[in-house]
Amino acid sequence: MFADIISTVEFNHTGELLATGDKGGRVVIFQREPESKNAPHSQGEYDVYSTFQSHEPEFDYLKSLEIEEKINKIKWLPQQNAAHSLLSTNDKTIKLWKITERDKRPEGYNLKDEEGKLKDLSTVTSLQVPVLKPMDLMVEVSPRRVFANGHTYHINSISVNSDCETYMSADDLRINLWHLAITDRSFNIVDIKPANMEDLTEVITASEFHPHHCNLFVYSSSKGSLRLCDMRAAALCDKHSKLFEEPEDPSNRSFFSEIISSVSDVKFSHSGRYMLTRDYLTVKVWDLNMEARPIETYQVHDYLRSKLCSLYENDCIFDKFECAWNGSDSVIMTGAYNNFFRMFDRNTKRDVTLEASRESSKPRAVLKPRRVCVGGKRRRDDISVDSLDFTKKILHTAWHPAENIIAIAATNNLYIFQDKVNSDMH
Amino acid sequence: ARRQSRFSSGVFTDRGSTPRGELVGTSCSRLSFGTWAGAHRIVSISLGKIYNSRVQRGGIKLHKNLLVSLVLRSARQVYLSDPCPGLYLAGHPGAPAPPQQPEESAAGPPAGWGEPPPPAGRAAWPEPEPQPERPAVPEVPRAGDSEPAATVTAAGDTLQGGEAEAPEAAWRRVEGPRETAVGGAGGPAEVSGVFPEGPEAARGPCGCPPGDEDNLSAAPRVDGCRAPRPAAAEPPASPPVCARKRGAGWVGGGPADCPAPGSTPLKKPRRNSEEQPGGAAAAAEEEQEEEMETGNVANLISIFGSSFSGLLRKSPGGGREEAEGEESGPEAAEPGQICCDKPVLRDINPWSTAIVAF
């Protein structure tokens with residue numbers, strides 16, 4: 001099976017399932033094997049559970065535009081019955097998929113034989129009650145809803161509300177609120193499109209509902225600001241309840257200041273008290289109670305600050321990296337180049353750079369910390385900035401909601417790392 | 001799908017390796033931001049990106065284009081602050097084509113830039129007059145509404161840093177040293193005298209890079225923009241940009257390159273139509289307008305219009321017709337160019353023609 005570039009990675013609420021979306025519009029779901037008592041060392045590993053084609057390329061004839069089938073985001077719905085549900089979206093259309101298992105099938109029909117052919121009634125001499133017999137597990141996926149025509153611009157985020165009934169979808173200029181059961185209409189709750197497009201100065205880059213307060217959501221902008229909105233305050237949440245913005249450091253000003261301050265991802269902490277944002281060079285932790293500036297800023301790859309022109313030229317400066325919290329909100333993670341990803345421990349203030357590569361991911365291999373040298377003393381395994389491979393970028397990462405298991409998407413490879421030992425990260 | 005067999009922990013799927021992408025540090029790093037050369041290079045690169053965005057799968061990405069336009073604006077400020085823009089020059093028709101290497105191009109600039117522009121060329125430029133960044137000129141918003149890449153395409157085309165071979169090669173032939181100055185890709189015309197002086201917004205969406213008209217086929221969809229002939233050849237009197245506001249700026253030929261103000265209303269009402277939910281057709285139409293309205297476009301016009309105005313059309317109609325004939329092939333796909341020659345089409349919003357073509 002052809003493996004396409006992975007475009008999104010998401011654990012479900014229990015961490016049992018891991019969904020990935022790719023550029024070809026496919027979704028692959030992995031399931032964690034239950035830990036075996038016989039082999040306690042093989043703590044649940046992830047196997048492919050289901051694969052299905054979520055979106056197909058479309059062509060908008062009116063605009064002569066092709067709509068990419070690439071899956072931008074996947075969000076799981078909280079599980080409410082035996083079935084699992086998730087939302088997957090491309091640039092324009094969101095779909096609700098239901099994933100069910102079938103592990104039994106009825107046998108012993110009276111009118112049909114084993115192959116389903118009608119029996120000759122003259123041969124039926126007695127009646128039997130069909131019984132359910134076990135069968136090999138089959139995972140069935142079916143599209144339950146298609147939420148189309150809600151967006152003019154490209155959808156960048158979806159987020160399921162804690163009320164489990166609604167969700168929002170955000171594009172460059174608007175955010176819509178949908179009800180999971182209603183597909184023919186949505187409610188526009190944010191609209192930053194100026195009357196005159198010439199006056200456009202910023203776009204929405206990401207948005208998310210608060211994990212506990214179903215009336216609160218945040219959206220980030222290309223200017224580096226965050227706006228927390230309260231849906232109870234007004235129908236159209238153009239006026240934010242809180243605006244989180246850090247004043248720009250004038251000494252860092254360059255042609256590319258605006259680009260690198262654009263927020264590429266925003267995530268609420270599990271506690272709901274903090275927000276994590278990622279811009280091109282840093283990750284920042286914001287306290288919902290303090291709008292003036294982030295409470296923590298971590299440099300992801302500051303050595304790129306002097307290379308911005310080249311990164312602009314090769315388009316890398318537009319890469320949108322995601323960020324993630326661990327289950328206890330004590331460690332944050334984000335990707336970088338050369339298949340490196342970084343983790344920052346908020347308590348110890350220690351950070352580590354790891355690499356997702358075939359060599360480093362032999363089963364049970366321990367990831368070795370990597371280092372990028374920026375001149376000065378160079379250690380043996382250091383990599384110099386100029387030899388970083390900028391085509392190997394880790395844009396999408398996910399952290400298991402409860403355990404130290406991380407999923408790293410490196411172009412078209414998915415790496416899953418488990419921390420078997422209680423490392424000093426905690 | 002049936003549950004598949006257990007995978008080893010770690011990697012799922014592998015698709016082989018991708019070419020190693022290392023930092024292209026050379027050409028960029030040699031130019032510091034504060035310099036005019038650096039700003040110019042950045043503008044060139046930016047134009048190229050906007051041009052490319054036009055043909056990207058999935059449609060124009062508003063976010064990226066907005067960011068690029070912000071970079072352009074910053075770079076433009078450096079441009080404008082340069083006290084000696086005149087060092088820039090008109091190309092030498094006979095100059096040998098510079099090598100493709102961006103590094104070499106970057107190293108090239110001094111040669112090209114050191115030459116003063118032909119006095120006649122400078123005189124051609126209208127007196128600078130202060131222009132608001134976004135004048136309330138009809139074309140501007142309209143241009144803003146439409147296909148952003150249209151203006152920039154021509155410029156961007158050759159600014160690919162070596163990717164677009166035909167256009168680049170074509171431009172180089174004409175531009176000579178000037179293109180080296182741009183950094184390898186054969187940048188937009190540096191009729192430097194224009195940029196610093198000229199009002200941006202007043203200029204039409206003529207971000208066309210310079211180039212011989214013969215080679216215009218390489219510069220697609222430049223509505224109303226013609227590559228300027230080398231300064232020596234061109235009648236100096238005609239300013240390359242359409243001076244909407246100033247009207248009198250033209251010598252030898254009316255504001256041919258600029259969409260007539262009167263044509264604006266054709267598009268404007270549609271552009272500003274309220275978006276309504278539901279109604280597939282209506283929504284689609286509004287969506288269509290909206291989709292085309294990537295707001296940075298107008299910014300781009302104002303940014304580039306003056307400087308990269310190579311366009312020109314100042315050559316006598318005969319010359320142009322010839323060029324047009326040569327481009328008849330590509331022009332089938334690039335009506336923008338046809339537009340600038342046919343008087344009738346001249347008045348049509350170049351953006352809309354680009355859209356139609358698209």
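1. Basis. The model is predicted, with local features needing pLDDT of at least 70 and side-chain atom pairs pLDDT 80 or more, while totals for chains, interfaces and linings use all residues; side-chain values use heavy atoms, leaving out hydrogens and water. Residues are numbered from 1 along each chain as its sequence is written, and chains are lettered from A and ligands numbered from 1 in the order in which they are written.

2. Chain A. Two helices and 31 strands make up the secondary structure listed for chain A; helices (H or I, at least four residues) and strands (E, at least two) are DSSP runs, numbered from the N terminus. Of its 426 residues, 56% are buried, where buried means under 20% relative accessible area, exposed over 50% and partly exposed in between (1.4 Å probe, protein chains only). Contacts are heavy atoms within 4.5 Å. In chain A, 51% of the contacts between residues at least 6 apart in sequence join residues at least 24 apart. The accessible surface of chain A is about 18700 Å², with 51% belonging to carbon and sulfur atoms; such areas come from the Shrake-Rupley method with a 1.4 Å probe, and for residues only the protein chains shown count as cover.

3. Chain B. Here there are 19 helices and one strand. Buried residues account for 62% of the 358 residues of chain B. Of the chain B contacts with a separation of 6 or more, 78% are between residues 24 or more positions apart. The accessible surface of chain B is about 12200 Å², and carbon and sulfur atoms hold 60% of that.

4. Helix α2(B) covers residues 36-55, and 18 of its 20 residues are buried. At 1.5 Å a residue α2(B) should span 28 Å, and its end C-alpha atoms are 30 Å apart, which agrees; the expected span is 1.5 Å times one less than the number of residues. In α3(B), 17 of the 20 residues are buried.

5. Lys49(B). What surrounds the side chain of Lys49(B)? Residues up to four places away in sequence aside, Lys49(B) touches Tyr312(A), Glu313(A), Asp315(A), Phe318(A) and Val68(B). This lysine lies in α2(B) and is buried, with a relative accessible area of 10%. Val68(B) is 19 residues from Lys49(B) in sequence and 7.7 Å away in space, C-alpha to C-alpha.

6. Polar contacts of Lys49(B). The side chains of Lys49(B) and Asp315(A) are joined by a polar contact of 2.5 Å. A polar contact is a pair of N or O atoms within 3.5 Å; within protein, one must be able to donate a hydrogen and the other to accept it, and residues adjacent in sequence count only if both atoms are side-chain atoms. A polar atom of the Lys49(B) side chain also lies 3.1 Å from the backbone oxygen of Glu313(A).

7. Charges over rings. The charged end of Lys49(B) sits over the ring of Tyr312(A), 5.1 Å from its centre; the criterion is NZ of Lys or CZ of Arg within 6 Å of the ring centre and within 35 degrees of the ring normal. Arg346(A) lies over the face of Tyr274(A), 4.7 Å from the ring centre.

8. Aromatic pairs. Over all chains there are 18 aromatic pairs (rings of Phe, Tyr and Trp, its six-membered ring, with centres within 6.5 Å; planes under 30 degrees apart are stacked, over 60 edge-to-face and the rest tilted). Tyr280(A) and Phe321(A) form a tilted pair, 6.3 Å centre to centre with 50 degrees between the planes. Tyr280(A) is in the loop between β20 (274-278) and β21 (282-287) and Phe321(A) in the loop between α2 (308-313) and β23 (323-325) of chain A, so the pair ties together parts 41 residues apart in sequence. Both Tyr280(A) and Phe321(A) are buried. Ring pairs also link Phe255(A), Phe256(A), Tyr312(A) and Phe318(A) into a cluster.

9. Loop residues to look at. Asn338(A) has a positive phi of about 60 degrees, and phi of Asn339(A) is near 60 degrees. Most residues other than glycine have a negative phi. Asn338(A) is buried at 6% relative accessibility and Asn339(A) at 9%.
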